[in-house]
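Q: Could you walk me through this one? I'd like to take it a piece at a time.

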Amino acid sequence: MKSLKKKLADDMLVLRGVNQPTTVIDVKGCPIGGESVMVVAGPCAIENEDLLKETAFKVRGSGAVALRGGAFKPRTSPYSFQGLGEDGLRILARIGEEMNMPVVTEIMDSEDIDLVSRYADILQVGARNMQNFSLLKKLGKIDKPVILKRGLAATIEEWLSAAEYILAGGNGKVILCERGVRTSETWTRNTLDLSAVALVKELSHLPVMVDPSHATGVRSLVTPMARAAVAAGADGIMVEVHPHPERALSDGDQSLTPKGFSQLMKDIDPIARALGRRIY
Ligand code: PEP
Ligand code: MN
């Protein structure tokens with residue numbers, strides 16, 4: 001990997017040193033980066049308390065560790081549902097507490113860091129903000145784990161350099177998330193770059209997760225790609241689940257039903273075990 005590493009300065013904090021183990025990040029007592037593969041599940045957006053509660057109850061029952069849900073949604077159209085904002089964060093925190101699940105939500109604007117940090121256990125930087133350097137610098141100053149999604153068409157160098165911004169600021173709790181990149185293919189929303197998972201794990205000591213939902217945009221492809229992600233060595237999986245995907249306010253086409261999610265969990269379990277890992 002020397003030739004690839006040469007593209008990045010040797011002293012970058014994001015790079016894996018010789019024999020350096022993967023950094024294990026603790027999220028409210030749940031580790032990511034160690035033996036267990038962390039599964040994060042939940043709806044694209046928090047729509048209301050009852051739906052989130054039902055989703056959380058079901059995904060938790062199937063073995064998801066953490067609950068996701070967006071309150072600030074980066075929608076392509078300004079006329080699409082933008083999320084419930086602080087009301088959504090309140091719902092997310094309440095249900096996470098009730099279900100004993102750490103909660104993950106997107107931070108879109110550096111002005112909202114204090115607000116989102118009050119409710120979330122992990123802050124997610126979305127693909128569209130991967131190179132929002134002022135946001136990354138501010139996230140370097142907080143003491144909470146950050147999931148840094150790969151940009152829409154970001155190279156691995158750009159992605160790792162974005163992570164470096166957070167590490168350089170003093171926050172070492174960064175989890176990288178491959179969520180597909182834009183290619184010429186139109187059958188899928190994005191193209192899942194699985195070689196990036198193996199490569200980034202080689203280059204960096206940070207845990208790497210995969211989001212097969214945004215990577216494919218197609219419900220039937222989510223579970224096969226989740227299986228492949230675990231086989232490729234992902235430290236975590238993030239999946240969109242909705243009790244009624246046909247009525248979802250965003251990303252229904254790629255959302256699994258709770259039943260579909262339960263099957264995904266059954267499918268990835270033996271793959272994790274074959275690699276000496278476990279899912280819980
Ligand atoms: C999301 O996870 O809700 C999301 C918007 O994903 P991405 O930033 O990868 O598009
Ligand atoms: Mn989504």
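Q: How many cavities of 30 Å³ or more does a search of the whole structure find?
A: The search finds one, where a cavity is a set of points on a 1 Å grid over the protein atoms alone at which a 1.4 Å probe fits but cannot get out. This is a predicted model, in which local features need pLDDT of at least 70, side-chain atom pairs count only at pLDDT 80 or more, and totals for chains, interfaces and linings use all residues. Residues are numbered from 1 along each chain as its sequence is written, ligands are numbered from 1 in the order in which they are written, and side-chain values use heavy atoms, with hydrogens and water left out.

Q: And which residues line the largest cavity?
A: The lining is made up of Arg68, Gly69, Gly70, Lys73, Val104, Thr105, Glu106 and Gln124, lining residues being those with an atom within 4 Å of a point.

Q: Switching topic, is valine 40 buried or exposed?
A: Valine 40 counts as buried because its relative accessibility is 0%, and buried means under 20% relative accessible area with a 1.4 Å probe, protein chains only.

Q: What does valine 40 touch?
A: Leaving out residues up to four places away in sequence, valine 40 touches Ala66, Leu67, Arg68, Val104, Met209, Ile237, Met238 and Val239, a contact being heavy atoms within 4.5 Å.

Q: What are the protein donors of the manganese ion (ligand 2)?
A: They are Cys44 (SG), His214 (NE2), Glu240 (OE) and Asp251 (OD), which lie 1.9 to 2.4 Å from the ion; donors are N, O and S atoms within 2.8 Å of the metal (3.2 Å for Na, K and Ca), and because water is not among the atoms, sites may look incomplete.

Q: Is glutamate 240 buried or exposed?
A: Glutamate 240 is buried, with a relative accessible area of 0%.

Technical notes: On a 1 Å grid over the protein atoms alone, a cavity is a set of points where a 1.4 Å probe fits but cannot get out, and a pocket is an open set with protein on both sides within 12 Å along at least five of seven lines; lining residues have an atom within 4 Å of a point. Grid points are joined across faces, edges and corners, and a volume is the space filled by probe spheres set on the points. Buried means under 20% relative accessible area, exposed over 50%, partly exposed in between (1.4 Å probe, protein chains only).
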